[in-house]
Amino acid sequence: MNIIFFGSSKFAAPSLRALSASKHRVSCVVTQPDRHKGRGLHFSGTAIKTLAQASGIRVFQPERVNSKEALDFFKGTACDLFVVISYGQILSQKVLDIPKLFSINVHASLLPKYRGAAPISWAVINGETRTGATVIKMTAKMDEGPVISREQIGIEPEDTVITLEEKLSELAARLLTSAVSSIEKNKYSLIPQDENSASYAPKLKKENGRIDWRKNAVEIQNLVRGCAGWPGAFTFYKNKLLKIYRARAIQMPDSKRPEKPGEISGISKAGVLVRAQEGGLLIEELQMEGKRRMEARDFIAGHKIPVGERLG
RNA sequence: CGCGGGGUGGAGCAGUCUGGUAGCUCGUCAGGCUCAUAACCUGAAGGUCAUGAGUUCAAAUCUCAUCCCCGCAA
């Protein structure tokens with residue numbers, strides 16, 4: 001099979017590695033254009049570009065994948081299958097129709113659940129205990145095509161969006177290569193998604209990371225896990241931004257003052273304990289605005305933190 | 001070269017303007033004491049003041065360059 005691979009983020013890396021190591025041929029990698037990244041002036045290509053170049057695969061970086069120029073490029077490439085994974089642009093029907101067979105996509109959820117840009121984050125934030133990866137035949141409507149294969153994995157309590165993404169990217173690579181092989185042998189089925197049980201996972205915004213202490217401790221813990229990396233769960237301490245990188249929900253024997261969510265109710269070597277609506281959140285790793293991230297015990301060593309002070 | 005803050009023992013900071021012995025609070029370690037509990041008392045260890053060059057009798061401090069970290073923005 002002659003494949004053109006569309007991918008940009010790290011999530012796509014194991015899949016690209018697996019495909020180029022397989023008997024199939026990745027003749028070209030399409031990825032997002034180089035962009036300024038982060039603060040300062042760093043100008044760099046995507047993780048996938050680096051990987052493709054290291055493997056000597058041709059790289060194509062159209063500003064707009066549906067433009068006429070890009071279309072012409074694809075038409076000149078005699079290709080059997082488009083494989084799209086975490087690419088970052090939506091392909092028009094015209095593009096999807098270019099390969100001899102069709103185009104497939106791997107999505108990091110059990111479709112039709114969590115369609116959209118941030119399925120892993122939202123699964124964790126919502127406290128799901130299982131998720132998975134799904135290979136679909138692509139249609140013009142995002143993440144709505146018929147299912148070719150699907151596999152689920154559990155979400156462990158220690159998992160964050162980062163660790164889960166790693167696991168899912170490996171799973172995606174496995175599912176993808178076997179899907180490609182079964183397509184080549186023409187032994188596959190297309191099962192339509194059940195529209196009635198569809199749900200959506202939109203791209204996260206900065207504001208999604210803001211902690212509402214009126215929620216239960218377990219929900220806040222899930223927010224911290226789901227916002228790890230970006231945007232990061234945050235609250236405010238003395239009117240300064242306080243990011244929380246690691247925290248654990250713990251039982252609090254009958255909070256007598258549930259009308260004061262966000263109140264610091266204890267300081268110990270384990271961390272800073274904050275009262276939530278139900279239960280308490282033990283903050284274990286954090287970062288103050290303008291400072292490095294650090295263990296809560298180091299933070300405690302350097303600050304006098306009055307019990308009773310409120311966060312938020 | 002998008003805007004801004006910063007780099008001083010393990011953590012948080014003062015000192016920089018106005019150059020002159022490396023300081024404070026906390027932590028760590030040792031001993032003591034003990035229902036004062038993120039306990040208390042005594043003592044100790046631990047620092048190329050981000051890096052390089054320059055000015056100077058003398059640089060954490062002044063000058064120039066570089067590196068790195070963080071907030072905003074994406």
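Is R248 buried, partly exposed or exposed? Select R248 to start the tour: with a relative accessible area of 42%, R248 is partly exposed (buried means under 20% relative accessible area, exposed over 50%, and partly exposed in between, using a 1.4 Å probe and protein chains only).

A word on what is on your screen. This is a predicted model, in which local features need pLDDT of at least 70 and side-chain atom pairs count only at pLDDT 80 or more, while totals for chains, interfaces and linings use all residues. Residues are numbered from 1 along each chain as its sequence is written, and side-chain values use heavy atoms, leaving out hydrogens and water.

E284 and R248 form a salt bridge, with their closest N and O atoms 2.7 Å apart (a side-chain nitrogen of Lys or Arg within 4 Å of a carboxyl oxygen of Asp or Glu). E284 sits in strand β14 and R248 in strand β11, so this pair ties together parts 36 residues apart in sequence (strands are DSSP runs of E, at least two residues, numbered from the N terminus).

Next stop: R246. R246 makes a salt bridge with E285, where the closest N and O atoms are 3.0 Å apart. R246 is partly exposed at 35%, while E285 is buried at 13%.

E295 belongs to strand β15 (residues 293–295) and is partly exposed, at 32% relative accessibility.

Finally, select R246, R248, E284, E285, R293 and E295 together: salt bridges that share partners join them into one network. The whole structure holds 15 salt bridges.

Note on methods. Chains are lettered from A and ligands numbered from 1 in the order in which they are written. Helices (H or I, at least four residues) and strands (E, at least two) are DSSP runs, numbered from the N terminus.
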